[in-house]
Amino acid sequence: MTTSTSPRTRTRTRTRTHGYQDLDRLLSLMNGDEKHDSAATSTLDAIWVLFDRVLNVSPTTADDPARDRFLLSKGHGPMAYYAVLAAKGYFPESLLPDFGSYDSPLGHHPDRLLVPGAEIGSGSLGHGLPLAVGSALGLRAQGRTGSDVWVLIGDGELDEGSNHEAIAYAGPAGLEQLHTLVIDNSSAAHGWPGGIASRFTAAGWSAVTVDGRDHEALYEAFTAPHPERARAVVARVEARS
């Protein structure tokens, strides 16, 4: 049985630099050859709420063993992730205009060796959730039950069998520290009877579906108690006008 502390009562380190109102401007600085604009904007609000109000991590604690971990599995279209990291002070916004260029650390998929704060390198879809399961297992084995693991995946990634194996394992394992954020922008090829959340609940997870643009709904879903169960938050997102 795990004994992780509720996110509502934990002390979280904050670095105040930019606010949500700055994100559109930061995104506009990354105007290179990028075909995944929709993939980026669909994740913007959820990533912001996590880094601004939920995750216990900051630029000064990015290597702290007790930190929360955020794994971006949906690595294509990483502009929203980069904008939030810049807004939170992980790297200067002066890096943003060179996004995707040959010598820029900010590639079209994040590289954990080049991007401050990045926990994993992403490329082939379907890897992030299995890595998050392993991270949660490792933290539990070390007794670090106060550190949460978050992974952001796209609904299309649920077409990958590796994710279903991870879901099937994590439910019975009772990985309370594991949280999966699914950005649902109707890009999955197959879908799931009863909706995406039902795929997780069938495997023993706690799961909820919310409006992926509603910051308060996201926050409530992110911080709701789910004792002895992994948590999935499905964020339904329509294209930004």
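## Burial of serine 73

A residue counts as buried when its relative accessible area is under 20%. Serine 73 has a relative accessibility of 4%, so it counts as buried. These values come from a predicted model.

Serine 73 sits in the loop that links β1 to α4 (79-87). Leaving aside residues up to four places away in sequence, serine 73 touches Ser122, Leu125, Gly126, His127, Gly128, Leu129, Val151, Leu152, Ile153 and Glu157.

## The sheet

The order of strands in the open sheet is β1-β2-β3-β5-β4, five in number, and their pairing is parallel. At the edges are β1 (69-72) and β4 (206-211), each of which pairs on one side only. On average, and with direction ignored, neighbouring strands of this sheet are turned by 20 degrees against each other. In general, strands of a sheet pair through backbone hydrogen bonds, in either a parallel or an antiparallel manner.

One of the residues involved is threonine 209, whose bridge partner in β5 is valine 234.

A packed pair of helices is described by the angle between the axes and the distance between them. For α5 (residues 128-141) and α6 (residues 161-173), the angle is about 25 degrees and the axes are 8 Å apart. Angles under 35 degrees count as roughly parallel, so α5 is roughly parallel to α6. The crossing of α5 past α6 is left-handed.

On the α5 side, the contact is made by Leu129, Pro130, Val133, Leu137 and Arg140. The α6 side contributes Ser162, Asn163, Ala166, Ile167, Tyr169, Ala170 and Ala173. Sorted by class, the residues in this contact of α5 with α6 are nine nonpolar, two polar and one charged. Leu129 of α5, part of this contact, is also among the residues that serine 73 touches.

## Helix α3

Which helix is largely enclosed by the rest of the structure? Helix α3 (residues 44-54) is, because ten of its eleven residues are buried. The buried residues of α3 are Leu44, Asp45, Ala46, Ile47, Trp48, Val49, Leu50, Phe51, Asp52 and Val54.

Terms used. Residues are numbered from 1 along each chain as its sequence is written. This is a predicted model: local features need pLDDT of at least 70, side-chain atom pairs count only at pLDDT 80 or more; totals for chains, interfaces and linings use all residues. Side-chain values use heavy atoms; hydrogens and water are left out. Axes are lines fitted to C-alpha atoms, for helices over the stretch in contact, and angles run from 0 to 180 degrees between N-to-C directions. Helices (H or I, at least four residues) and strands (E, at least two) are DSSP runs, numbered from the N terminus. Angles under 35 degrees count as roughly parallel, over 145 as roughly antiparallel, 65 to 115 as roughly perpendicular and the rest as oblique. A crossing is left-handed if the near helix is turned anticlockwise from the far one by less than a right angle, and right-handed if clockwise. Contact means heavy atoms within 4.5 Å. Ala, Val, Leu, Ile, Met, Phe, Trp, Tyr, Cys and Pro count as nonpolar, Asp, Glu, Lys and Arg as charged, and the others, Gly among them, as polar. Two strands pair if DSSP finds at least two bridges between them. Buried means under 20% relative accessible area, exposed over 50%, partly exposed in between (1.4 Å probe, protein chains only).
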